[in-house]
Amino acid sequence: MVNQTDNNTDLFAVVGAGYRIYEPPKRKRTFREKLKGKPIFSAVILLLIVLGCVFAPIFANHDPAGFYLDSLNIAPNSEFYFGTDSLGRDLYSIMFYGGRTSLTIGILGAAIIAVIGTIYGCISGTLPDRADSVLMRIAEACGSIPTLLLVLILSALFTGKNVITLSFVIGVTGWFGMARIVRSEVRQIRNCEYVLYARCTGGKFLYVMWRHLIPNFLSAVMFVVVSNVSSCITMESTLSFLGLGLPVDILSWGSMLSLANRALIMNTWWVIIIPGLFLVVTLMCITNVGNFLRKETNRKPSNL
């Protein structure tokens, strides 16, 4: 008779030669299941556009800055694949060389937003509640002003507009949302043991921010950084469309859209459709990649 005080594992005994506990077989995920939910198509299209811009001299078949005066407003054909504009420039070559400028502005502007927003958000998140409230009210007040108006006011300070100055203006006027997100992340981890230990042992603010704060919220704000690239490209295109961005002699997708009014009058649809299509496809691909990063970040369990 089995003792009733024994554990449940002692009540029954498995008998039989060569017995083994049944374990259901683990089904391997198929290649299609691994790719499900991932923006593979958007990533491939974006990669092709970036490679085309990087290796523009290989893909371009005409001088992008050349004026072919005998071929003004020519529709797409076998010689000019995307046609020419009212100045006689080859749109096919301009799309690749102009993409360099637009992507550079997007990356530089997003980098400036990330740097300013991260530092400001870390400072605000680590300060006492009263000082934190003051800094956040300042950021919210500046963020309530339309970004386009801030860009116009700040760009008036620069006499000559180029890629660097326009990226700086767009970045300086677009970091407010980034700062709020970083601040909320820092407020959650500022009282963790490793942060308190680093501060108690004499760690300076920049050391704590670089070694302990940024690594713990980097994945949470990565989708914001990616989304800011498309926002900066959109702002440059908007300014160029209004005639307030880059001059026409600097090739970019936005500067090509600045010829839209003239193209509508002359019924040269390719001057509007082709640059706009490149711009829209690039922005959609960047947005899809950013949304995927956001979903992956929300899916991961918190370590706090």
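How many helices and how many strands are there in the protein chain? This predicted model contains 13 helices and zero strands. Read from the N terminus, the elements follow the order α-α-α-α-α-α-α-α-α-α-α-α-α. The chain has 304 residues, of which 39% count as buried. Among contacts with a separation of 6 or more, 68% join residues 24 or more positions apart.

**Nonpolar cores**

- The largest nonpolar core has 36 residues, and the members that touch the most others are Tyr120, Cys122, Met178, Val182, Leu213 and Phe217.
- Two or more residues of this core come from each of helix 4, helix 5 (129-143), helix 6, helix 7, helix 8 (176-189), helix 9 (193-200) and helix 10.
- Helix 10 provides the largest share of this core, with ten residues.
- Cysteine 122 is in contact with Val182, Val186, Phe205, Met209, Leu213 and Phe217, leaving aside its neighbours within four places in sequence.

- Helix 7 spans residues 163-172 and is mostly covered, with seven of its ten residues buried.
- The buried residues of helix 7 are Val163, Thr165, Leu166, Ser167, Val169, Ile170 and Gly171.
- The cover over these buried residues includes helix 4 (91-126), helix 6 (147-155) and helix 10 (205-241).

**Packing of helix 2 against helix 4**

- Helix 2 (residues 40-54) packs with helix 4 at an angle of about 105 degrees, and their axes are 7 Å apart.
- Helix 2 and helix 4 are therefore roughly perpendicular to each other, because angles of 65 to 115 degrees count as such.
- Helix 2 contributes Val50, Gly52, Cys53 and Val54 to the contact, while helix 4 contributes Met95, Phe96, Gly99, Arg100 and Leu103.
- Sorted by class, the residues of the contact between helix 2 and helix 4 are six nonpolar, two polar and one charged.

**Packing of helix 9 against helix 10**

- The axes of helix 9 and helix 10 cross at roughly 170 degrees and come within 10 Å.
- Helix 9 and helix 10 are therefore roughly antiparallel to each other, because an angle over 145 degrees falls in that class.
- On the helix 9 side, Tyr194, Val195, Ala198 and Arg199 meet Val208, His212, Leu213 and Asn216 of helix 10.
- The contact of helix 9 with helix 10 comprises five nonpolar, two polar and one charged residues.

**Arginine 190 and the residues around it**

- Arginine 190 is located in the loop between helix 8 and helix 9.
- With a relative accessible area of 14%, arginine 190 is buried, because the class takes in values under 20%.
- The side chain of arginine 190 reaches the backbone oxygen of glycine 125 at 3.0 Å.
- Not counting residues up to four places away in sequence, arginine 190 touches Gly125, Thr126, Leu127, Asp129, Val195 and Leu196.
- Aspartate 129 lies in helix 5 and touches Arg187 and Arg190, not counting residues up to four places away in sequence.
- A polar contact at 3.1 Å joins the side chains of aspartate 129 and arginine 187.
- Threonine 126 is in helix 4, and its side chain reaches the backbone oxygen of cysteine 122 at 2.8 Å.
- Beyond residues up to four places away in sequence, threonine 126 touches Val186, Arg190, Arg199, Phe205 and Leu213.

**Alanine 65**

- Alanine 65 sits in the loop between helix 3 (56-59) and helix 4.
- Its relative accessibility is 48%, so alanine 65 counts as partly exposed.
- Alanine 65 and aspartate 90 are 25 residues apart along the chain, and their C-alpha atoms are separated by 8.3 Å.

Definitions and conventions: Residues are numbered from 1 along each chain as its sequence is written. This is a predicted model: local features need pLDDT of at least 70, side-chain atom pairs count only at pLDDT 80 or more; totals for chains, interfaces and linings use all residues. Side-chain values use heavy atoms; hydrogens and water are left out. Buried means under 20% relative accessible area, exposed over 50%, partly exposed in between (1.4 Å probe, protein chains only). Helices (H or I, at least four residues) and strands (E, at least two) are DSSP runs, numbered from the N terminus. Contact means heavy atoms within 4.5 Å. Axes are lines fitted to C-alpha atoms, for helices over the stretch in contact, and angles run from 0 to 180 degrees between N-to-C directions. Angles under 35 degrees count as roughly parallel, over 145 as roughly antiparallel, 65 to 115 as roughly perpendicular and the rest as oblique. Ala, Val, Leu, Ile, Met, Phe, Trp, Tyr, Cys and Pro count as nonpolar, Asp, Glu, Lys and Arg as charged, and the others, Gly among them, as polar. A nonpolar core is a set of buried Ala, Val, Leu, Ile, Met, Phe, Trp, Tyr and Cys residues joined through side-chain atoms within 4.5 Å. A polar contact is a pair of N or O atoms within 3.5 Å; within protein, one must be able to donate a hydrogen and the other to accept it, and residues adjacent in sequence count only if both atoms are side-chain atoms.
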